[in-house]
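Subject: Structure handover

Hello,

Here is the structure you were waiting for. Please open it alongside this email and follow along.

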Amino acid sequence: MSLTARCVFCCRGLATTASAAKGYNRWRSVKKFGKYAGPVIVGGCIFITYEILALGENVTLDTQAVEQEKLKSYIYVHTIPLEQQGLQGITSKARKELHRAVKRLVQATAEIFSWPLDEHYMKLDVEDHESGLWLLLKRTQSRIKAVRVQAVQELAKKHHWHDYQYRTVAQACDQKTSIGLARSKNVDVRFFLCPPLPKVIEDSCIEDELRYLLASLPQSEVDQCVQYFTSLALRESNQSLSAQRGGLWCFGGNGLPYAQSLSSVPCEKVESFCLQALAKHSKVPSHCDKIVTNGGLQLLQKIYQLRQDSQKIQRNIIRIIGNLALNERLHSAIAQSGWIGILAEAMKSPYVIQASHAARALANLDRDTVEEKYEDGVYILHPQYRTSQPIKADVLFIHGLLGAAFKTWRQKDRSDAEDKEANYTECWPKTWLAADCPSLRILSVEYDTHLSDWKSKCPVENERKSLAYRSRELLTKLKAAGVGDRPVVWVAHSMGGLLVKKMLLDASEDPEMRSVVQNTQGIVFYSVPHCGSRLAEYSVSARFLLFPSVEVKELSKDSPALRELNNNFTKLVREQEVNILSFGEMLPTNIGSMIKLHVVPLNSADLGIGDFIPLEVNHLNICKPRSRDSYLYQQSLKFIKDALAQELKR
């Protein structure tokens, strides 16, 4: 027993000694590992900590780089109607409080993250902050027209923004806003997106593309004049193209061989022929759809950019765009093709004709503030931009033989010997009358006239030259332009006065047009041949040389038609109590190098009603004042103001 106990005790002692030895060895291993690994670990931690601190000191937020990226960015915004956002009735005070809250939030965030803030930002007025930009954009998309128009007006006054802000608006604003901006005075053109890149057609030239476009247009609803202009444009081709295409181009069932080669016809002339034909087609609504569908907008834009040295071609192109804009269903296509920005730039042109063509096109596009439609040949001289001033009356200018909507009403030409004024105007109604009577709408009408049938363009145009035809045509156009809805004063030169008389007589017999007569307050006649013209006598006596046109034949002295027109008109103006002012020429006019005559004698220019003022000027200068202070202009201005005195005082 004792032996057994002793054995057990010895075994336990050995086990205890072995465990102690094993624990001692393990601790020695740990101490040995810590001796060598500890410094490595501690050193690594210190190194990593140092690198992190150093990196924190070296890495800062580069605000300039962020700003540069911001300038490059284009932001696309999902537009939501203003009313859905509950911001329609937001007051100016509430808006400023909102801006201040945004500014405080930005400042607090900058302090937390130690972001540097530009001092300029701290000095910015709250209305200039970008939050104001987005609020303004939301207002431009309001369903309430008054709110929308006011917002566009405020947006157009922004002239000190960064480039990226203009580009942001250009992409975020809708079609109506873009059109409204384009019709705002002194607007920054950066508000408009650049036109998309045109589609490149290999082995194709401008002339070919124009011809393909013309040939693709429908043959229905085409009168003989449209057919004539189209055939004239299509036959201007070279012999090689004629051979490739089988020698003939057809339009409307008539095959016309090529008459001339492009080697003898300048490219600009060929393009001009094609554009004239396209302008005729653009008056037909169904053809307008085909022009747009077949890439006409992009092609016209390409020609417009390539022909920047030709005002005539650019005018014809803008004229076509103005005709297309008469169709509201095409407005989206016109806007998406980039024409809004091009028209906005054209509005800034120093050339009156160019700017007026663009003003007509944009007015036809602007359905927010313009109810009228300006058809081909009717141009708005004032106001060409959106205005908050109400229009109280209309003044219409009608030119005469060989005249035009702009050149007839220019300031009197000065010779080299005379001192030329620095402020010479190419259209005194647009420059002087608009400044003296800003509450008037000033329109100018254009139509083709010829002294001789040698210059007749269309074979069936003779029947369209009569006073009766032109009266009906112009009355329809003027009614679409809203003439007759407010008081009106007519200003006419030469044969234009006869046209005014005929239009008023026709309108008096048409119930739908009678308001034109009822609202006529006055008429200014500049050398109007009420009893005929000596030019007609001379042309008839030399008929074998001149082939006098229909217009000239109607001006024959003591013509029964003129006598009847004059008698009926004088009866009408007495009944309506219309004010009349007539001017007569006292100097002969040079017609060519060999003819010198009084075109309209004084007894023919005197209507016998109202005031008659003879002036020592010739027939061409009777409607061209020498200056703004001249007797001719001042008397005309006084008459217009007196005739519309009741309306202008309101």
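Below is what was found in it, feature by feature.

One caution to begin with: this is a predicted model.

Look next at strand 7 (residues 520–526) and strand 8. The two run parallel and are joined by 5 bridges. As a landmark, find Ile-523, which stands opposite Ile-580 in strand 8. As background, strands of a sheet pair through backbone hydrogen bonds, either parallel or antiparallel.

**The nonpolar cores**

Ile-523 turns up again in the largest nonpolar core, which has 106 residues. Which of them touch the most other members? They are Phe-191, Leu-324, Trp-339, Trp-490, Leu-504 and Ile-523. Helix 21 gives the most to this core, with 8 residues.

Setting aside residues up to four places away in sequence, Trp-339 touches Leu-297, Leu-300, Gln-301, Tyr-304, Ile-317, Ile-321 and Ile-334.

Another core lies apart from the largest one.

**Helix 7**

Helix 7 covers residues 163–172. Of its 10 residues, 9 are buried, so this helix is largely enclosed by the rest of the structure. The buried ones are Tyr-164, Gln-165, Tyr-166, Arg-167, Thr-168, Val-169, Ala-170, Gln-171 and Ala-172. Note that Arg-167 is on that list of buried residues.

**Backbone points in the loops**

- Pro-383: the peptide bond from His-382 to Pro-383 is cis, with omega near -5°. Pro-383 sits in the loop between strand 3 (378–382) and strand 4 (393–398).
- Ser-494: phi is near 55°, a positive value in a residue other than glycine. The loop holding Ser-494 runs between strand 6 (488–493) and helix 21 (495–508).
- Glu-577: phi is positive here too, at about 55°, and this residue is not a glycine. Glu-577 is found in the loop between helix 26 (560–576) and strand 8 (579–585).

Are Ser-494 and Glu-577 buried or exposed? Ser-494 has 5% relative accessibility, so it counts as buried. Glu-577 is exposed, with a relative accessible area of 68%.

**Asn-618**

Last stop: Asn-618, in the loop between strand 11 and helix 28 (631–643). At 18% relative accessibility, Asn-618 counts as buried, because the cut-off is under 20%.

What does the side chain of Asn-618 reach? Another is the backbone nitrogen of Asn-621, which lies 2.9 Å from a polar atom of the Asn-618 side chain. Leaving out neighbours within four places in sequence, Asn-618 is in contact with Glu-585, Leu-587, Pro-588 and Thr-589.

Best wishes

Note on methods. Residues numbered from 1 in each chain as written. Predicted model: local features only at pLDDT ≥ 70, side-chain atom pairs only at ≥ 80, totals over all residues. Heavy atoms only, no water. Buried < 20%, exposed > 50% of the residue type's maximum accessible area, 1.4 Å probe, protein only. Helix = DSSP H or I, 4+ residues; strand = E, 2+ residues; numbered from the N terminus. Pairing = 2+ DSSP bridges. Core = buried A, V, L, I, M, F, W, Y, C linked by side-chain atoms within 4.5 Å. Contact = heavy atoms within 4.5 Å. Polar contact = N/O pair within 3.5 Å; in protein donor to acceptor, adjacent residues only side chain to side chain.
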